[in-house]
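This briefing is meant for a reader who is meeting the structure for the first time. It begins with the terms and the whole chain, and then turns to individual places.

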Amino acid sequence: MRLLINGLSALVFLQLTGCATYGVIDNQSQTENDAPQNYSLMNYDANHSRSDDITLVLAFSGGGSRAAALSYGVLEGLRDTQLIIDDKEVRLLDEVDLITSVSGGSFTAAYYGLHGDKIFDDFEQDFLQRDYVSEWLYGLASPMLWFSRKGRTDIATRIYEQRLFKGATFADLSKQDGPLILINASDLGGGIRFSFIQEYFDLLCSNIASFPLARAVTASSAVPVMLNPVVLKNHQGCYNPAQNYLEQLNEDRIEEAKLAPHLMETVETLRSYKNREERQYIHLIDGGITDNLGLMAFYEMVEIGGGIANFMERIGSKPSKRLVIISVNASTKPRYNIEHTNAIPDIEPTISAVTDTQLHRYNAATISLIRRSMERWSDELSSFWQPIDPYFIEISFEGIQQETRRGFFNQIPTSLSLSEEQADALTDVGVELLQNNTDFQRLIQEIKSEQ
């Protein structure tokens, strides 16, 4: 408690003194020649060791360490699922093509993308069993910060660098023989999702290769007010394929592509990055603000990019027999004590209840959209191959049948700190929910039936 008081006192002091803090700029400008070598869809030549039998996408939600642990459990479940595909025994984990993530889920996604199977040896000790809240508060209480122009976010980034990523950049991530990792944040000024991939950095005339992985994860999980935004410089002096593509999305092409109104708004905001005098600095905050499931970033890339067939071609993959999305949804429905009394609730439970209501409604709308889109994408791909089977596999605490046990997980707060019991239980339930999921079982049985 004393640590929390000291940390909050330091925060209040910083606010009251009005000491200006400035976002550290880590994104370098790009030249015309260096961008093609960077971490991008175009350079992600789908690993030929992955089968064309299945296209597998994972989406890791927000929810702090709770989301990270649940996602980690799903990775374990996929690792332990052995199948015969293309006459070879493979782990289903090795068939993952892309992981899209926000907030807490980005810790698991980035760690796996960088370290591969080492995640199963080190992630629990490096992340799940550490109290990152206390470490951040110790840094916040340091007198060195009181007279520094660096913000609270820099403390978080430094901790993640030391504990998890060891100075790794997106150039290091691109060298790994694994799935494409799509870390997502929210553009505070533009109100849209921002993905850490070269195609988005192109719009800022920037090079993602040297950008720190820890900084991207910090942006993806930067809860407003608690952390400062991560700031990117919108550089001058370039024109590139990404900007050219957006400019060519004229009204006729948009009508032909049948882009929904909310996608049109996204296109307009992406175009606004060219207004470099007006948008000199891009402020990025928690990706869960604009998409707590991590699904919308993938959806927008597919739709704005010209459809699922074009997307598959861009990542060097052939249309597969099966299109699979596994959504790992760590959102909770906690019980609030406000209904036990007629006393006017305090501001904290009121804000929490309102936020949870909005979150669950938006999540439900997102899942409905993705389900409909997968049916349409499957029909589109079927003309190139044979009938494509879509599988949307939702992993959430709603899948826990026992009410008391479900209540235990729903009461785990959104924080970067878990007890050992909570961490172990979340990992175990991730494996269990995956293996017991009806749609997952259907997928496994249909693959086995072809053996």
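Helices (H or I, at least four residues) and strands (E, at least two) are DSSP runs, and they are numbered from the N terminus. The model is predicted, so local features need pLDDT of at least 70 and side-chain atom pairs count only at pLDDT 80 or more, while totals for chains, interfaces and linings use all residues. Residues are numbered from 1 along each chain as its sequence is written, and side-chain values use heavy atoms, with hydrogens and water left out.

**The chain as a whole**

- The protein chain holds 19 helices and 12 strands.
- Of its 451 residues, 55% are buried, where buried means under 20% relative accessible area, exposed means over 50%, and partly exposed lies in between (1.4 Å probe, protein chains only).
- Among the contacts in the protein chain with a separation of 6 or more, 82% are between residues 24 or more positions apart; contact here means heavy atoms within 4.5 Å.

**The annotated active site**

- The unreviewed UniProt entry lists Ser103 and Asp286 under "active site"; such positions are given in the numbering used here, feature names are shortened, and annotations may be inferred rather than shown by experiment.
- Ser103 lies in the loop between β5 (96–102) and α3, and it counts as buried because its relative accessibility is 8%.
- Apart from neighbours within four places in sequence, Ser103 is in contact with Gly62, Gly63, Ser220, Ser221 and Asp286.
- Asp286 lies in the loop between β10 (281–285) and α14 (295–304), and its relative accessibility of 8% is why Asp286 counts as buried.
- When residues up to four places away in sequence are not counted, Asp286 touches Ser103, Ser186, Ala219, Ser220, Ser221, Ala222, Val223 and Pro224.

**Helix α2 against helix α3**

- The axes of helix α2 (residues 64–79) and helix α3 (residues 104–115) come within 6 Å and cross at roughly 40°, so α2 is oblique to α3.
- Axes are lines fitted to C-alpha atoms, for helices over the stretch in contact, and angles run from 0 to 180 degrees between N-to-C directions; angles under 35 degrees count as roughly parallel, over 145 as roughly antiparallel, 65 to 115 as roughly perpendicular and the rest as oblique.
- The crossing of α2 and α3 is right-handed, a term for the near helix being turned clockwise from the far one by less than a right angle, whereas anticlockwise is left-handed.
- On the α2 side the contact involves Gly64, Ala67, Ala68, Ser71, Tyr72 and Leu75, which meet Gly104, Gly105, Thr108 and Tyr112 in α3.
- The residues of this contact divide into five nonpolar, five polar and no charged, given that Ala, Val, Leu, Ile, Met, Phe, Trp, Tyr, Cys and Pro count as nonpolar, Asp, Glu, Lys and Arg as charged, and the others, Gly among them, as polar.

**Helix α7 against helix α10**

- Helix α7 (residues 152–165) and helix α10 (residues 213–220) pack at an angle of about 130° with their axes 9 Å apart, which means that α7 is oblique to α10.
- The crossing in which α7 passes α10 is right-handed.
- Thr153, Asp154, Ala156, Thr157, Tyr160, Glu161 and Phe165 in α7 meet Leu213, Ala214, Arg215, Val217 and Thr218 in α10, and by class the contact has six nonpolar, three polar and three charged residues.
- Arg215, found in helix α10, counts as buried at 3% relative accessibility.
- Leaving out residues up to four places away in sequence, Arg215 touches Val24, Asp26, Thr153, Asp154, Thr157 and Val230.

**Loop residues**

- Asp86, placed in the loop between β3 (82–85) and β4 (88–91), has a positive phi of about 55° although it is not a glycine.
- Asp87 is also found in the loop between β3 and β4; its phi is near 65°, a positive value in a residue other than glycine, and Asp87 is exposed, with a relative accessible area of 79%.
- Ala330 has its place in the loop between β11 (322–329) and α16 (347–382), and it is buried, with a relative accessible area of 1%.
- Beyond its neighbours within four places in sequence, Ala330 is in contact with Ser61, Gly62, Arg66, Ala67, Leu70 and Phe397.
- Ala330 and Phe409 are 79 residues apart in sequence and, C-alpha to C-alpha, 9.2 Å apart in space.
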